[in-house]
Every structure is written in structure tokens, then in C-alpha cells.
Number of protein chains: 2
Amino acid sequence: MTDRTSSLPPSPPRPDSAPARSWWGWGALDQALPDAECASLAALVPGAAGSPLPIPSIASLDLPAVRVSAPAALAHLVSSAPADRAAHTYGKAFRDVVRALYGDMAAAPDLVARPQDERDVVDLLDWAAGADVAVVPYGAGSSVVGGVEYRAGEQSGVLSLDLSGLDRVLEIDRISRAARIQAGVLGPDLESQLRPHGLTLRHFPQSFAFSTLGGWLATRAGGHYATLHTHIDDLVKSLRVVTPSGVSQSLRVPGSGAGPSPDRLFLGSEGTLGIITEAWMRLQDRPSHKASASVVFERFPAAVEAVRAIAQSGLHPANCRLLDPGEAALSGVAAGGGSVLVLGVESAYGPVEGRLAELVALARDHGGSPVEEASGDGDSAAGTWRSAFLRMPYLRDGLARMSVISETFETACTWDRFPALYEAVHRDVGAAVQKVTGTAGLINCRFTHVYPDGPAPYFTVIAPGRHGAEVAMWDEIKAAAMEVLGEQGATVTHHHAVGRDHRPGYDRQRPEPFALALRAAKQALDPAGILNPGVLFDAATA
Amino acid sequence: MTDRTSSLPPSPPRPDSAPARSWWGWGALDQALPDAECASLAALVPGAAGSPLPIPSIASLDLPAVRVSAPAALAHLVSSAPADRAAHTYGKAFRDVVRALYGDMAAAPDLVARPQDERDVVDLLDWAAGADVAVVPYGAGSSVVGGVEYRAGEQSGVLSLDLSGLDRVLEIDRISRAARIQAGVLGPDLESQLRPHGLTLRHFPQSFAFSTLGGWLATRAGGHYATLHTHIDDLVKSLRVVTPSGVSQSLRVPGSGAGPSPDRLFLGSEGTLGIITEAWMRLQDRPSHKASASVVFERFPAAVEAVRAIAQSGLHPANCRLLDPGEAALSGVAAGGGSVLVLGVESAYGPVEGRLAELVALARDHGGSPVEEASGDGDSAAGTWRSAFLRMPYLRDGLARMSVISETFETACTWDRFPALYEAVHRDVGAAVQKVTGTAGLINCRFTHVYPDGPAPYFTVIAPGRHGAEVAMWDEIKAAAMEVLGEQGATVTHHHAVGRDHRPGYDRQRPEPFALALRAAKQALDPAGILNPGVLFDAATA
């Protein structure tokens, strides 16, 4: 630490005004859809019927008996309260929400720990390793891949390690535009601590409000921006990780060619190799110039070609979100079978209208028709999209209460393979939806990120489910999706991580020599095998 | 492989017109300085004297006896000819060249193998593992950190594995702008195979003409460009690696969040975990628009601030090379104590003059004075610099023949730490030069790469050495440099890699839990410990 950086005084205690969090569904409790809205939303889905599943009370839940207890010295950090255990049982996938609604709490952790500093994390790991207690790291629980749900069953107990107490920006280096940040901070709290310094991490995944820096790092999160440095991987300078074999602190430098990157081993390790407690992150000046535009295409293949040209142009749009006809219709952005491309450009340095014009020209060259912007703030298309985007998980929960299957899967592939992938998904996942639900359902696609060498397509599936069978139905559709991604040479996940749900596709995709090396690294760092058993590795491996 | 990619027919045999390579020094034999030029160059160094060291003939070299022989099935791939062994003994650091000139061949490999395909690599590794023969991967031998020099001494023999036979571009995906390329291809051969397709890898390290794709990948090479995607790490889509425990092939996708990146384990592994045989690489359209400018600053600190502003502007110059007063004077770019900033902008998409003007304006805001360009080709400042840059290793060899210490070291640090680092290097390395050589010598600095969070400073040291003591003298100066980098929180290497020479600084910098994990991975992939012993790991670790 040099005198050019400033260590920050402790923040005042956070006011208790943050809205209460839902234990069973997404986000804030007061944002959940009322029963009537659930029903009217489901009425738009052909084949859906019935009335909303009731939300069980915590008191009514049948939680398994607590099998372990923390030693006296750690007791003040640990809770076995039913509300804590219930809220830490699942992530926020469709199958998680449905199981919570049905009161299925078999996977509940015995204890929830809330360390207040790194020493607490070390002490909790020491105790867990000695007591054969599995440790499931928990940021804000937004996993949609079973990343925070213990399923292995071999340990004597399960501790959910909730890192939300580590929520401070500790140090800011304004000159190098970087900050040392605790891993448990939620997106909005992080940004509010950076704002007085005119800086931003500028990492906005859809889960932003209910996910943490540590979770983003452990799962290699993708941000909202379509191109350039959007992955959290690219924003990291150094990591501090508590492992059962010691604390790992990498050097804070802008670039280093000294051997394989230590940080890249922990990025994506999903809590299996250690607990990320702090990171030095690259920050940016807050963008002062923004502009956006929408372009409609009659033909989806032409839109794909336009996006490829843009992705390969070096113009680096902040947004480049292509909605296929189904997705455009569902979002209410375009009717009549058109595809919509939302473009956005941002800069903290200077005007961006010229760059936006170049991007729109490229889209026009490929047959796109720019849509006139009504608003004058230069950000309306992106803004409209963003509001809808952030509202989606709440709508998903409303549909889940109506037994409507509403879920997503995502991937990335090279441009040469995308047309075949798109067709195969509609054919094979479509067949699975038809078989499982007896309806065609909806299978929509958008690009969340685009690279010079390929897009990251994100698929949404909506179809009526049957009361009590929702999870099994989705699992069958998801298995078909994982199969088709593997067949088409696309990754099993672009930014949702592996968790437990993606293990079949991941195990197939991961090169076997790399798996050997990773298992050996796991054994070296976590010899007792307590860290998030079942994620990335078989529980028995550790 | 899909029908959107094209597999290429085998290239015709390469004409024998490539200039003969120097076995003792840098590059092409016919580019070495004549004796008279060596002497007149050394005359510019205060304290240097004498006549050039003679270049020993291969026949005069005292090579150690060959201890092992390959089995009959592999004999056609293997040579024990003195010329082969001598040329594969060292890399191309100052200390390597000097030792070669003195005929010190104690480290010579027993054998040099030239596999022609991946099967050959597998067979050679199988034999070596069974016969306790160390394998030192060799691309074109441009290491300046002892990366290709066997020093461990525990194995029964040493095989230099020369991958130059794997020199083809195998497949091109024009749509996704990518190619599958064999690892042993030299820079110019790679570009000449891509050129007919209008594509380029656009990775131009200083060693470009005499280094290979596999070497760049194994050592995490830095390219010529100052910002954005200049590291080879960022240009990789997937790797194929032969390890003693099997062949690792990662999935070719533009992005994946499926666990820790397999490629990132092998990038920077410097031949200790496996032999990279192929990679899918991201390509670019060849830039059609270029512009460059030079800006002079009276005060170096002001120039540093200008570069920081540029690095943080998001304007992404292709070149942003700052020369401190000593470096500018040495290059003949500016006299009188000024610092020089060379800026360049490139695009395959559209005109770049506007962006260059913005960059120059930023430099001017910080006190810089733009220099009028004489040439009209828009590329003269960068071009002049580039020619001198590529000539430098030959000049270094000329000085080495005059016992003049002429060597570099490089690093990266955050902006907040750079002023203290710059001062400490001049103080502490300056003191070492004074102590060792009895003269002040020259210690110059330039930035090779700049990031929003810090620069990559590259230091050149020139001082008179004493006949017979050159290596020991440099080693003492280098030890001081490694010490000061560690103290100042700068990396031991930004793009020269670790090899054997940087082990002390690397061992201090590498977090211990990561070292545990990496050693375990090494043990899993290379159980016999034959791969490049002494690099990254103690030879005994394996």
C-alpha cells in the first residue's frame, strides 16, 4: 500500500431500509407479483391454467434436524434459525423456486454462518475441516445452476457460508483507477461506495442487485455490456482467497507474465478451491456520454450477419443485443416477425454519436431499418430494455407459481456454427418441449454478448407445466438442451457457471488432462474435501 | 469441424532461401555486425575497450559426451550433431550469447529431436518418460530467461524438443476469423500463410522473426501493440497440449464460463505441464488505415501523466510508446533531455485520423509538443522506431563481443507506484552498475505496454564489462533489479517469462497456496518430472 492510495474509514452502519429479501423467489419481497397478476400473466401461455401455488410460511416448512453445532467461539457467527436455513437452501433457478414453493427443504443447510471479517472465515473453515462439515459459500444466492445447494450427502453436516458481512470498499487508488473490495458486497452497495469517487466497476449482470462481487468472481460472471471488457475476469487485478491450506494473495499489477495466472485458477472455481474474501478491481470513470439506437431486420439471418460485422468492426458497442423474432415479440419491442438489434455506445471521455452512426450504418448495410427514437435522452431503447430485463425474474416467479415452465439456458459458439446451433435448438429442444408439455411452447433467443469470433446466444423457454411435475419436466427439457449444445460444439455455459446442474455437459467438455490437474489442485488446497462438494468435482474426488 | 471452415491443403515445401540462423547470437547469421562495427559501437560506451571476442567454430566446441540415444523407431527424428546441440544449448539473453562466445557448452542437450507431427511428440515424450530423459521444449530459442537451458542435472539425459517441424496453418474459419495453427510456426511463416486470406494474427513481439506461436503461448508473450488485445493470452480460442498424462484439447468457443479456464493453466506453463502442439487463434482483418505521431515532453513526469490519461481514455492506441530522456537520446529520436511519446492508431474498418487527433490533443493538454511528420505515409514515426527496435538484438550481440554489458529487464506496476519504482531502479540498479563496472553506465526506460491501471516499463542497461567476467557482472546487476522490483510491488516479468533466471523473484511473488496447487497439477500431468525441469518448479518437485 503506498501513499498514493487512500484507505477508507469504515462506512457507517447500513440503514435498515433495504427491502426485505424473498426467501423462496427472486429479489425483494415487495416486488413479487400479486396472485391476480400471476394468473393473468399465465393466461398468455397457451395450455396454462389453474390458480397460483400458495407461498408457504417459514413456520410451516419441514426442515431436517440440525446435525452439527459450531464451537462456542464461533457461535455468535452462526444461525440455525428456520428462516436463515430456508433462505440458504437453494439458488434462484426455476427449479429452485418451484421446490421452495412446494416446501421441499431436504437440502437445507444445518447452519448459516455470517463471518464479519477474514479471520472469521479462516476460523470457520478450520472448524469445518476438522468436523467434516461441508462448506457452501453463499454470496447472495443468485445461482441458477445449483451452485449453492448441497446435494452430496457424505459430510456430517452442511454450513452455508454467507459472506454478506464482508461488504466494504477498503481502499481506493484513484490514480490507477482501482479499489480493494470485500467479496460479500452487493452490486448496488459497491457502486454507492464508489460513486463519491467518480468511479464505477461498470459490471452489471442481470442479477446485479442480488449478487456479490465474490459470487461474480467465483462464477466468472458476464456483465451487461456486449463487447470488450464485460467479463468480471477482465476487471480483476488481484485476488485474496482463503483456502484450507492457507491464504492466497496475488500481486496487484496491471499485467504479469510470471507463470500461469494465479487468479485464473480461482476465477470460475465456484467455491471449490477457496473462499474469495477480497479483490483489487479495475474501475472506470463514470460514462458521461451515451447514445443508443434500435434497428429492425425483416430476416433474422441478415440481423445475425449485421451483428457479426459489428462485432468484427472494432467499434466496441456497449450494447449490441439482438432479439430474435420470438424474443422481440415477447418483449413488446417489435411485432410482425421482425428481429430487433439494440445498440448502445458509452464513453467517459467524449461524444459517442459518431460511433453510434457508424454502427447504425453497418446495420443498415446488412438490411436493417433504424427505428426513430422518441426520447431525447439518447438512452431510451437501452433504458426500456433494461427495465424489462431487470423485471424478468419477478415475472418468472409469477409464472412458476402458475406451474408454467419459464427458464433460460445460455451458451457461446463461433459464428460459423451459430446457424446450425439455432436450428438444432429449435428442433431438438422444441421436440423435448412438445413431448414433455404437449404444446409447442416458446423458445426465444437473444444475444447477450458478442465477440469477433462468435455470439453468446441466450435462450428462453416458456411452456405450461403440470402441478407437481414442474421440476421433472424442466429437467427433461434442460437435458435435451445440454445435449444439443454439446453436439453443436457450443459451451455448456457462457456465464451461468457449472454448479451441480451443468456437471454432465461440463464433464464432457472439460479436457481430461485438465481435469486431472484440477483435481490434484483441489486435493492440495482442500484436502478434507469440504468446499462446495459436488460442484465441478464429484464429491468423492475430494 | 464444420463446412463453414476450410481445411487447407499441405503447403508446398518451404524454399531453402531462409537465411541461416546464428547458433551463438540473435537471428540471421548474415545480419551479425562485422568486427569493425562492434568496435565502433563499443567506442560509444565510456569505459569499453579492446577488440571483439572471436566467434568460435562449431568444430572447436568442447561438447559434453552424449549420454543417451533414442530407440530405433525414433532415430530418424533425432540428431546429436554438434551444430544442433550447440544451437539448442542456450536462449538469446546477454548471458547466453556471452557463454556461447566463450565456448561454454556444459549445458548442451544430448539430443535434439525434430518431430514432424503430434504423433511424434507423443512418442518422444513416452520414450523420454520411460528413459528418465529431461525434455526441454524449443520453439525458436528466443528465451532471455534461461527457459530452454537445462540446468537441473538430475535426469540421465536431456532432449531438446525442437517443434519447428510443426509449422502449418491447418484450417481457417473465415467467418469467425480464426485459424487452427501448429505451434512450431515462426512469426513470418504464420503471417505469410494467413495473408492470402486477408487475415493476420497481429501479434508482433520483438522476437517475431525468430520465435514461434507455441513459444508465445507457453510464455504468455506480449505483442508490439501498446493497448487492448496485445497479449497472446487474449488471442487464444483453444489449445491442444500433449502431456505425459494424455492430450488436452479445449473447446473452441468465443467465451466460456465453465469452471476455471483450461487454457489459462497452460498459458505461461513454459513447457513444464505439456507441449502445446496446436491452437485455434483469433485473427483480425489486416489494418487498412494507419496513422502515427510523435510528441515531445520537456518533463518526463508530465509525459507519464499524459500516457496515463491516454491509457484511461478508452481511445486504445495501437502504439503508445514512451521513451524516457535516456532512451530517446539513445534511439536518436530526441536530444536535449526530452522524452518522446510515439502514438499510433490502426483500423481495418475506417479512417483513424480523428482518433489520432484526440490522442495528440490529450498529450498536448499535458504539456507535450507534437512533432511535425516529414513523411506522408502516416506511419513514419512508428516505422522508424520499429526498424531500430528489430535491429537492437544484433547491436546487443555486437556489444557482447566487446564485453559490454547490454541487457534489459521489464516489469509492470500500477500508476500510483511508477514514480517510486522509476526512482528506485535508477538508485539501486544504478548503484549496482557503479559497484560492478566502476562506471555509471546507462539505465534507460521505455513503456512497452500501457494499461488503464499502469504501465509496463522496460529498462535497458548498458555498461562496460570485463573480459571473462561479463556473466557474473550482469548477474549481480540483475539480482539488484529483481530485488528492487519485488520491493516496489512490481512483477518480476511482464512478458519475458520466468524460465530459470527469474525463479527467485517468481518464487517470492507466487502465492504459496497457488504454488501448492500448481505443483500438484504438475505432478498429475508430468509424474516422471521430465518436462523442462527447473523452470517454474524446483527440479526435485516433480
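1. Two residues are counted here as in contact when heavy atoms of theirs lie within 4.5 Å. The model is predicted, and the contacts below are those of that model. On this basis, 81 residues of chain B are in contact with 81 residues of chain A.

2. Area of the interface. Chain B and chain A bury about 6400 Å² between them, and carbon and sulfur atoms give 60% of that area. On the side of chain B, the residues that lose the most area to chain A are P260(B), Y349(B) and D416(B). Together these three account for 11% of what the chain B side buries.

3. Polar and charged pairs. The rule finds 26 residue pairs in polar contact across the interface of chain B and chain A, with both residues at pLDDT 80 or more. Across this interface it also finds 6 salt bridges. D453(B) forms a salt bridge with K237(A), where the closest N and O atoms are 2.6 Å apart.

4. Which elements of chain B give two or more residues to the side that touches chain A? The helices are α7 (262-266), α10 (353-365), α14 (503-509) and α15 (512-525) of chain B. The strands are β9 (236-243), β10 (246-249) and β19 (454-464) of chain B. The largest share, 9 residues, comes from α15(B). By residue class, the side of chain B that touches chain A divides into 38 nonpolar, 28 polar and 15 charged.

5. Sheet in chain A. An open sheet of chain A is formed by 6 strands in the order β1-β6-β7-β11-β9-β10, and the pairing is antiparallel. Its edge strands are β1 (6-7) and β10 (246-249) of chain A, each of which pairs on one side only. Strands of a sheet pair through backbone hydrogen bonds, either parallel or antiparallel.

6. Pairings within the chain A sheet. Strand β7 (residues 178-182) of chain A is joined by 5 bridges to strand β11 (residues 275-282) of chain A, and the two run antiparallel. A178(A) has R282(A) in β11(A) as its bridge partner. Strand β9 (residues 236-243) of chain A pairs with β10(A) over 4 bridges, in the antiparallel sense. For V242(A), the bridge partner in β10(A) is V247(A). A hairpin of 2 residues joins β9(A) to β10(A).

7. Sheet in chain B. Chain B has an open sheet of 6 strands in the order β1-β6-β7-β11-β9-β10, with antiparallel pairing. The edge strands of this sheet are β1 (6-7) and β10 of chain B, each pairing on one side only. β9(B) pairs with strand β11 (residues 275-282) of chain B in the antiparallel sense, over 6 bridges. Within this pair, R240(B) stands opposite E278(B) in β11(B). Both β9(B) and β10(B) are also among the elements that give two or more residues to the side touching chain A.

8. The unreviewed UniProt entry carries the annotation "domain: FAD-binding PCMH-type" for residues 105-286 of chain A. In the model, the end C-alpha atoms of residues 105-286 of chain A lie 43 Å apart. The span is 19% helix and 27% strand.

Notes: Residues numbered from 1 in each chain as written. Chains lettered and ligands numbered in written order. Predicted model: local features only at pLDDT ≥ 70, side-chain atom pairs only at ≥ 80, totals over all residues. Heavy atoms only, no water. UniProt positions renumbered as here; feature names shortened; annotations may be inferred. Buried area = accessible area lost by both parts, 1.4 Å probe. Salt bridge = Lys/Arg side-chain N within 4 Å of Asp/Glu carboxyl O. Polar contact = N/O pair within 3.5 Å; in protein donor to acceptor, adjacent residues only side chain to side chain. Nonpolar A, V, L, I, M, F, W, Y, C, P; charged D, E, K, R; others polar. Pairing = 2+ DSSP bridges.
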